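Visitor: I'm new to this one and would like to be walked through it. Could you start with one detail and build up from there?

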Amino acid sequence: MPNIRRATRAELDTIIDWAAREGWNPGLEDANAFWAADPEGYWVATEGETLAAAISLVRYGAQYAFLGLNIADPAFRGRGIGLALWKRAIASAEGRVIGLDGVVAQQDNYRKSGFAWAHANVRYGGALDVSEPPGTHLIDVAPVHVTALTDYDRRFNPARREAFLYEWTKQLPTRRSVLLLRDGTIVGYGTIRGCREGLKIGPLFADNETGADLIFRKLAAGAKGARVYLDIPEPNSSARALCERYNMKPVFETARMYRGPSPDLPLPRIYGITTFELG
């Protein structure tokens, strides 16, 4: 039987490399933010000293958790290791509602584990060359903004995630986050980050379509012709229109599913999901 235990910080780097190998195209510097969200939220199964499988069950507060990074090394597949790891991770949720973004092929398996379909997510991608919008109402996120940003972000998520956002919105050479302000109040924000291939925008939350477009252009202006990806909740027709306006095409689809009551999220104002791995 495999040994199942919580992952170390170094092993999280390996897990993210596995995600890249699977074609999931993680960000270049995602690990610090992932770890900050819940240092006890990553699990591995080992055979001897060898990593055989991994999974994440990141807990946001006392009521909500998100499952992702469910990967077995190809050499260890078909032996029940992934299932054992899955059960241990689910147990660590301790009664919380669990969300996940599952690939289409696995939806039936997730249903067997008690997950119910909520909506589709669609990844759009395209080579972008857009101009940065003028004006002073779009500003770069700084650490001083994180508490207010977390308050705003909570409207779009089932739980606060301040530790995660502190790391996720850090300004790095491969990452930029901006706020949209109206009379000093946050009315939208977004992050763009370099990935193994191209760049991803996520999250992209805004009070209206005009604001979402401004944030999108502010972030995408730095792409300079590179491919940019945006993961949208399929029910948001305005997000779909935004992607089509910039000639982005669907390239991938997942299903948002929940084990337990589905949170009542404002999908019409969610123009970009933060990340399929952590919700």
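Guide: Let us begin with a pair of side chains, keeping in mind that this is a predicted model: R175 and D30 meet in a salt bridge, with 3.0 Å from N to O.

Visitor: Okay, and into which domains is the chain divided?

Guide: The chain is divided into domain 1, covering 3-121, and domain 2, covering 123-272. The contact between them takes 40 residues from domain 1 and 36 residues from domain 2.

Visitor: How many salt bridges does the rule find across the interface of domain 1 and domain 2?

Guide: The rule finds four salt bridges across that interface, and it also finds 21 residue pairs in polar contact there, both residues of each pair being at pLDDT 80 or more.

Visitor: Which elements of domain 1 give two or more residues to the side that touches domain 2?

Guide: On that side of domain 1, the helices giving two or more residues are helix 1 (9-21), helix 2 (31-37) and helix 4 (107-112), and the strands are strand 4 (64-72), strand 5 (97-103) and strand 6 (116-127). Strand 5 gives the most, with seven residues.

Visitor: And what does that side have by class?

Guide: By class, the side of domain 1 that touches domain 2 has 24 nonpolar residues, ten polar ones and six charged ones.

Visitor: How much area do domain 1 and domain 2 bury between them?

Guide: Domain 1 and domain 2 bury about 3300 Å² between them, and 57% of that is on carbon and sulfur atoms. In domain 1, the residues that lose the most area to domain 2 are N25, H119 and N121, which together make up 20% of what that side buries.

Visitor: How far apart do the C-alpha centres of the two domains lie?

Guide: The C-alpha centres of domain 1 and domain 2 lie 24 Å apart.

Visitor: Switching topic, what does UniProt list for residues 2-145?

Guide: An unreviewed UniProt entry lists residues 2-145 as "domain: N-acetyltransferase". In the model, this span is 26% helix and 36% strand, and its end C-alpha atoms lie 44 Å apart.

Visitor: What about the backbone, say the peptide bond from G202 to P203?

Guide: The peptide bond from G202 to P203 is cis, with omega near 0°, and P203 lies in strand 10, which runs over residues 199-206. Another backbone detail is found at L69 in strand 4, where phi is near 50°, a positive value in a residue other than glycine.

Visitor: Last one: where is L181, and which residues is it in contact with?

Guide: L181 has its place in strand 8, residues 175-182. Leaving aside neighbours within four places in sequence, L181 is in contact with H137, I139, I186 and V187. The C-alpha atoms of L181 and N247, which are 66 residues apart along the chain, are separated by 27 Å.

Technical notes:
Residues numbered from 1 in each chain as written. Predicted model: local features only at pLDDT ≥ 70, side-chain atom pairs only at ≥ 80, totals over all residues. Heavy atoms only, no water. UniProt positions renumbered as here; feature names shortened; annotations may be inferred. Helix = DSSP H or I, 4+ residues; strand = E, 2+ residues; numbered from the N terminus. Domains from an automatic or database assignment. Contact = heavy atoms within 4.5 Å. Buried area = accessible area lost by both parts, 1.4 Å probe. Salt bridge = Lys/Arg side-chain N within 4 Å of Asp/Glu carboxyl O. Polar contact = N/O pair within 3.5 Å; in protein donor to acceptor, adjacent residues only side chain to side chain. Nonpolar A, V, L, I, M, F, W, Y, C, P; charged D, E, K, R; others polar.
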